[in-house]
Structure formats: C-alpha cells, structure tokens
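This report describes selected structural features of one protein chain. Please consult the sequence and the structure shown below while reading.

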Amino acid sequence: MVNKEYEENWKEKISVETIDDIDELTLGKFRKKASNCGRLIDLEYSNVELLKKLNLIANWKLNNAGRLLFSKNNPIVLKMAVFATNEKKTFLDLTRVEGNIFQLIDKAMKYLVENLRWRVEMSDDNIHRNEIPEIPIEALREIVVNSFTHARYDIQIQHEIDIFSDRVAVSNPGSFANDYDPEDFAMSNMNSFLRNEKIAKVLYLCKDVESFGTGFNKIYSLCKKANVKLGYNKYDEYFNFIFYREDRNVVTNVVLNDNEKRILELLRNDNALTASKISKMINQSSRNIQRIMDSLRNKGLIERIGSNKSGYWNVK
C-alpha cells in the first residue's frame with residue numbers, strides 16, 4: 001500500500017522544470033546508446049518528441065521521472081567516501097556530487113574503480129598482464145544502477161557510497177522495494193516490483209538495466225565466482241547493500257592505532273608517498289608522521305625499497 005501510494009503521488013506528477021531544463025548532452029548519449037543496442041528505434045525524433053515517447057513530459061514540462069533522468073539542474077545528491085578503518089571515523093577522501101541519474105551512475109562507477117584494490121595476474125603466455133578488481137565491476141555497476149532505479153525520491157535522503165577497510169556499501173533512500181530479500185531474486189526467477197517504472201524502462205532501453213528482475217541473480221553469481229561475500233541491511237529510511245573485502249587493517253598479533261591504520265591505507269593506495277606529503281594530506285607534523293611510519297616499519301608492515309628520493313614502500 002505504501003509503494004502504491006508513492007507511485008500514485010510521485011511518478012505522474014509534473015515538476016516545475018520545462019524543456020529548457022533538459023540536459024541535451026545526457027539525452028543525446030541516451031539516444032545513441034539505446035539506438036545502438038537496438039532497444040530504441042531512432043526515427044530522428046526531436047528532444048521533445050523523444051521525451052513524449054518515453055512518457056517523461058507533458059505540457060512542455062518534465063514529470064518527476066523525466067527531471068531525475070534528464071535535468072541539467074542537478075536534481076540528486078550522491079555522497080562518496082573512503083574510510084581508513086571499518087568505522088565512520090577517519091576518512092581518507094570525502095566527495096559530494098550532484099547531477100541527474102545518468103551523470104551520477106557514471107560518477108559513482110568512476111569513484112569505485114579508482115578506489116578499489118586491483119591485483120595483477122599474468123596470462124598463460126606470461127607476456128600479457130591482467131588487472132583484476134577485488135570486487136567484480138559488473139556487480140558493482142548492477143547494484144549502483146539498482147540503487148538509482150529503486151530509490152524513493154520523495155524523501156530528503158541522499159544516495160551514498162562508503163568504502164571501508166573491510167567492505168563497500170551502496171545505500172539509497174527508501175526501504176527495499178520488494179517484500180522479499182535480495183537472495184530470493186538471486187535464487188529464482190521472481191518478478192520484481194518496479195518502484196519507479198518510468199525510470200526503470202528508460203534505463204532498460206539503453207541497456208543499463210539488462211532485463212527486469214535479473215540484477216541480483218547476476219550480482220550473486222559474479223561475486224560467488226570471485227569469492228566475494230555479500231550482505232545487506234533493510235531499513236525504513238534506506239536500503240544498504242554490502243560487498244565485503246579483505247580488511248588489511250587486521251594483522252595477526254599486531255595492534256594498530258587509528259593513525260597507523262590511516263597511514264597504512266594511504267600507502268596502500270599510493271606507495272610513493274613521503275612523510276612530507278602525508279603530513280599535508282592529514283594535517284599532522286612531518287615529525288609525527290615519520291614516527292608513525294617508523295612504528296609501521298618496526299612492526300614489519302612496510303618496507304622501503306630503493307632510495308628515499310626515488311624509491312617506494314612495499315606494504316605488507
């Protein structure tokens with residue numbers, strides 16, 4: 001009943017934004033992508049004609065779904081952060097961006113790709129190198145798209161991506177859009193409830209949504225193959241999906257304080273950092289940073305390779 005009330009009160013409502021507020025670049029990219037994948041027959045519609053065909057415009061104004069998908073006025077907020085530990089205490093990076101759904105999907109994926117850990121494996125010919133992410137990129141994209149597709153947009157809560165030392169969490173406003181759990185959809189061919197049907201259909205046309213009801217099946221399958229554990233939290237205010245990762249702050253028989261954990265994570269992300277650079281990044285004295293790095297070296301967690309000027313840190 002709550003979902004039905006939301007649909008009736010939100011999806012058909014006309015926003016205050018007009019055709020002059022359309023982000024033509026985003027709409028053009030959508031048109032090209034949907035046409036190339038064969039899900040949209042491009043009959044050289046004008047922008048207004050295309051939006052009418054997609055049921056996103058009426059009386060020269062965008063409806064709510066059209067505004068979220070194609071407005072140039074940044075209708076949605078996405079907050080992204082990287083934390084030094086498994087708690088929201090010390091962050092290594094904090095970013096807040098605004099945009100429409102298509103823009104924020106791209107920004108979210110760029111942020112995840114840049115902040116994941118990657119390993120390198122040699123191919124069978126021992127010549128070519130394969131870079132492999134700790135979490136399958138396709139699975140991450142699937143949950144990010146799912147997040148923007150099924151969020152509730154009548155409440156003032158922002159989308160969020162949090163990268164902790166032991167997990168990556170993707171959160172969207174509003175409770176889980178179905179009475180079942182994600183595993184139920186992963187293990188069977190159940191039909192899912194589309195909270196934002198117009199948004200889902202547009203994302204389907206450009207193949208951001210492969211097919212309805214198969215997203216969690218794909219996520220669970222990819223992560224099982226990559227040995228990535230999954231989890232989720234269902235709240236009234238938001239839905240939170242979790243990809244677990246190796247917590248490199250947990251070292252057998254070694255106790256690290258918050259500063260040591262923070263600097264260790266910085267060196268894992270950039271092993272060429274110097275004490276001077278770290279000092280500026282976290283606003284502590286170079287002398288204090290050097291003392292912490294000496295402690296990490298004494299604990300066998302970092303090793304200097306090469307000279308102080310041109311060398312790098314081998315992080316255990």
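Predicted model: local features only at pLDDT ≥ 70, side-chain atom pairs only at ≥ 80, totals over all residues.

## Nonpolar core

The largest nonpolar core comprises 77 residues, among which Phe 30, Ile 101 and Phe 243 touch the most other members. Helix α5, spanning residues 101-115, gives the most to this core, contributing 8 residues. In soluble globular proteins, nonpolar side chains tend to be buried together.

Ile 101 has several contacts beyond its neighbours within four places in sequence. These partners are Leu 68, Leu 69, Ile 76, Phe 148, Tyr 153, Ile 199 and Leu 203. Two of the partners, Ile 199 and Leu 203, are also listed among the buried residues of helix α8.

## Helix α8 and the residues that follow

Helix α8 covers residues 197-205. Its buried residues are Lys 198, Ile 199, Ala 200, Val 202, Leu 203 and Leu 205. An α-helix has 3.6 residues a turn, so residues three or four places apart point the same way.

Just after α8, Lys 207 adopts a positive phi of about 70°.

## Cysteines

How many disulfides does the structure hold? The number is 0. Cys 37 takes part in no disulfide, and the nearest cysteine sulfur, belonging to Cys 206, lies 7.1 Å away. Cys 206 is likewise in no disulfide, with the sulfur of Cys 37 as its nearest cysteine sulfur at 7.1 Å.

Are the two cysteines buried or exposed? Cys 37 is partly exposed, with a relative accessible area of 27%, whereas Cys 206 is buried, at 1%.

## The three-stranded sheet

An open sheet of 3 strands is arranged in the order β1-β3-β2, with antiparallel pairing. Strands β1 (14-18) and β2 (57-58) form the edges, each pairing on one side only.

Strand β3 consists of residues 61-63 and is joined to β2 by 2 bridges, the two strands running antiparallel. Within β3, Lys 61 is the bridge partner of Ala 58.

## Arg 268 in helix α10

Arg 268 belongs to helix α10, which spans residues 258-269. Is this arginine buried or exposed? Arg 268 counts as buried because its relative accessibility is 17%, and the cut-off for buried is under 20%.

Apart from its neighbours within four places in sequence, Arg 268 is in contact with Arg 248, Asn 249, Val 315 and Lys 316.

Key: Residues numbered from 1 in each chain as written. Heavy atoms only, no water. Disulfide = S-S within 2.5 Å. Buried < 20%, exposed > 50% of the residue type's maximum accessible area, 1.4 Å probe, protein only. Helix = DSSP H or I, 4+ residues; strand = E, 2+ residues; numbered from the N terminus. Core = buried A, V, L, I, M, F, W, Y, C linked by side-chain atoms within 4.5 Å. Contact = heavy atoms within 4.5 Å. Pairing = 2+ DSSP bridges.
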